[in-house]
Amino acid sequence: MERRLKTSTKVYLTLGLIALSILLLYVASKTLDTYAIRILRLIAVFGVMAVSYTFINGITGLFSLGHAGFVAIGAYTSALLTMSPMQKEMSYILEPLIWPLNVIQTDFFTATLAAGVMAALFAFLIGYPSLRLTGDYLAIATLGFSEIIRIMALNMQSVTNGALGLKGLPEYSNIWWTWGWLFITVVVITSLTYSSFGRALKAIRDDAIAAEAMGINVFKHQLMAFVISGFFAGVGGSLYAHLLTTIDPRPTTIGVMLTFYLLIMIVLGGLGSITGAIIGAALFAILSEWLRFVEGTMHIGKWTIHGIPGMRMVIFSLLFIITMLVWRRGIMGMEELTWDKLYNWILRLRPRRKEG
Amino acid sequence: MSREELMLEVEDLHVYYGAIHALKGISLKVPKGAIITLIGANGAGKTTTLTTIAGLVKARSGRIKFMGEDITNKPPHTVTQMGIAMVPEGRRIFPNLTVYENLMMGAYTRKDREGIQEDLEWVFQLFPRLKERLTQLGGTLSGGEQQMLAISRALMSRPKLLMMDEPSLGLAPLLVMEVFDVIKKINGEGTTILLVEQNAMGALKTAHYGYVLETGKIVLEGPTDELLQNEEVKKAYLGVA
Ligand SMILES: Nc1ncnc2c1ncn2[C@@H]1O[C@H](COP(=O)(O)OP(=O)(O)OP(=O)(O)O)[C@@H](O)[C@H]1O
Ligand SMILES: [Mg+2]
């Protein structure tokens with residue numbers, strides 16, 4: 001029998017959890033070494049990207065492969081706003097940066113908001129023509145658009161500095177900014193998912209024609225979801241750029257590889273689950289750092305094994321395949337971790353202890 | 001002006017699927033407050049007629065008028081907002097939404113909270129079984145329960161015209177009778193109904209007026225008590241010689 005907690009209890013628990021998280025993050029920022037803190041920050045940045053990605057791929061049910069494109073837009077937009085005019089003048093050695101980008105500079109929060117808005121604008125421009133497609137066709141179209149964005153970043157020398165990329169960005173993405181933005185992302189995406197708008201998105205995912213017959217304007221809803229998802233991808237891009245402190249148009253940084261990493265995170269966590277997306281992001285961030293050792297030189301007994309670059313991803317892919325064979329629908333499925341579930345889980349644990 | 005007020009009027013409707021001419025000039029009238037049925041063999045074009053009225057399929061030519069307004073080829077959300085709801089062929093409930101969420105999707109275009117609450121109560125009166133399953137996922141309901149949910153979901157938009165596509169399909173005989181009873185009850189509350197059925201006997205006994213569709217054309221029409229006596233209908237659709 002499912003038992004439910006009172007709403008007020010849940011509110012207190014949530015407030016308590018937020019306070020506890022802030023405390024834990026504070027303690028972590030004071031006690032952990034910079035490497036561990038970097039992983040913590042990376043978890044939050046991937047979390048922002050993964051939650052926004054599962055909103056479009058899992059909750060709205062659109063198979064988009066273009067998420068990295070929006071991350072890229074956000075990363076460049078924000079980097080161009082936080083770099084100082086002098087820094088820009090020194091970086092753009094082949095061609096100078098165009099006006100007015102060469103003179104403006106803003107704070108990190110404004111830059112991140114601008115990154116989100118710019119990515120949302122691109123999501124609108126890309127979504128408008130491509131959302132008339134469905135399934136595999138949509139996947140290919142969005143993949144194509146994100147690659148176009150990357151190629152543009154590679155070639156628009158006087159805007160993006162081309163292949164040289166942007167270096168020496170201020171390392172603004174500390175624990176507070178990254179986890180703060182993850183918090184905002186989760187709050188916004190969760191409230192949307194459980195609003196009547198989100199219910200309509202899920203209905204469209206289940207059966208677009210039936211949803212249309214209910215009077216839902218399918219295209220408008222999907223486009224709106226796409227734009228919202230694009231906004232947070234852009235925010236994620238801004239955080240990412242100021243975590244790496246450099247941004248360049250390589251496929252692994254902001255190209256198709258990033259989309260695939262994000263896809264692994266959300267499918268591993270459970271497509272359509274916000275909790276799952278965060279779990280997936282955390283696992284990915286931790287494992288991809290931890291697995292670095294396999295790419296270095298190892299000594300096992302008297303043997304020396306030279307690391308193979310890219311081995312991490314091979315191991316990661318294998319782990320991914322195995323996980324998917326065990327949990328077909330990812331770790332969380334389509335479920336969320338809620339107080340009610342936790343409560344029922346604890347209740348189920350108790351009687352067993354009495355018997356034992 | 002005819003004596004009875006018309007709710008829906010279809011005039012010389014032609015619909016194509018690529019090269020397939022599915023509807024070859026269909027005309028029918030649905031008076032306000034009536035139950036009108038459309039019967040016919042597999043592939044006759046019954047579903048196509050309903051989906052074209054709903055705006056899900058585009059008409060090549062012809063006219064559809066609802067409450068005096070031309071709604072031909074209007075987008076489905078506009079048609080729904082004007083007061084037409086459909087119980088689609090094969091139920092098509094949302095499997096990953098709960099029963100409650102499915103019902104709320106039916107009321108998606110409405111803003112009046114109290115009215116929605118009232119209709120929810122009404123739907124629970126029609127199908128008490130749904131009330132016990134509010135938090136269950138739609139996909140886990142039995143076939144019969146899914147059909148009840150599909151009907152209820154359509155009712156949640158408080159439609160002026162309810163179109164039903166084979167609501168009795170795949171149900172046990174007892175439930176089939178229950179569904180026809182419910183259709184009469186819904187009609188009794190003032191909802192006009194356009195009913196598509198394979199079960200010609202049930203449909204003709206429930207409706208006031210009927211149309212017989214054969215390969216995209218209406219071949220026969222009349223009050224249902226006359227159709228029930230018609231030799232052609234008896235032979236082809238009622239299975240009596
Ligand atoms: N999406 C489609 N594409 C191509 N042809 C279609 C499509 N939908 C229906 N048809 C064709 O149009 C004709 C009418 O189909 P429709 O579904 O309207 O028949 P129906 O009377 O509802 O049949 P049933 O009783 O089997 O449901 C059929 O010949 C069918 O093959
Ligand atoms: Mg049909």
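Before the first stop, a word on angles: a helix axis here is a line fitted to C-alpha atoms over the stretch in contact, and the angle between two axes runs from 0 to 180 degrees between their N-to-C directions. Keep in mind, too, that you're looking at a predicted model.

**Stop one: a helix crossing in chain A.** Select residues 67-82 of chain A, which is helix α3, and then residues 256-269 of chain A, helix α13. Their axes come within 7 Å and cross at roughly 115°. The crossing is right-handed. To see who meets whom, show A:His67, A:Ala68 and A:Val71 on α3(A), then A:Val256, A:Leu258, A:Thr259 and A:Leu262 on α13(A). Color that contact by class and you'll get 5 nonpolar, 2 polar and no charged residues.

**Stop two: ligand 1.** Now click on ligand 1, which has 13 residues around it. The closest are B:Tyr17, B:Asn42, B:Lys46, B:Thr47 and B:Thr48. Two elements of chain B, β2 (20-31) and α1 (46-54), each give two or more residues to this shell. Which element gives the most? That's α1(B), with 3 residues. By class, the shell has 4 nonpolar, 7 polar and 2 charged residues.

**Stop three: an enclosed helix in chain B.** Select residues 99-106 of chain B, helix α3. Because 6 of its 8 residues are buried, the helix is largely enclosed by the rest of the structure. The buried ones are B:Val99, B:Asn102, B:Leu103, B:Met104, B:Met105 and B:Gly106. What lies over them? The cover includes α4 (113-126), α5 (128-131) and α6 (143-155) of chain B, along with α9 (196-206) of chain A.

Key:
Residues are numbered from 1 along each chain as its sequence is written. Chains are lettered from A and ligands numbered from 1 in the order in which they are written. This is a predicted model: local features need pLDDT of at least 70, side-chain atom pairs count only at pLDDT 80 or more; totals for chains, interfaces and linings use all residues. Helices (H or I, at least four residues) and strands (E, at least two) are DSSP runs, numbered from the N terminus. A crossing is left-handed if the near helix is turned anticlockwise from the far one by less than a right angle, and right-handed if clockwise. Two residues are in contact if their C-beta atoms, placed from the backbone, lie within 7 Å. Ala, Val, Leu, Ile, Met, Phe, Trp, Tyr, Cys and Pro count as nonpolar, Asp, Glu, Lys and Arg as charged, and the others, Gly among them, as polar. A residue is near a molecule or strand if its C-beta atom, placed from the backbone, lies within 6 Å of it. A residue is buried if 20 or more other C-beta atoms lie within 10 Å of its own, exposed if 12 or fewer, and partly exposed in between; C-beta atoms are placed from the backbone.
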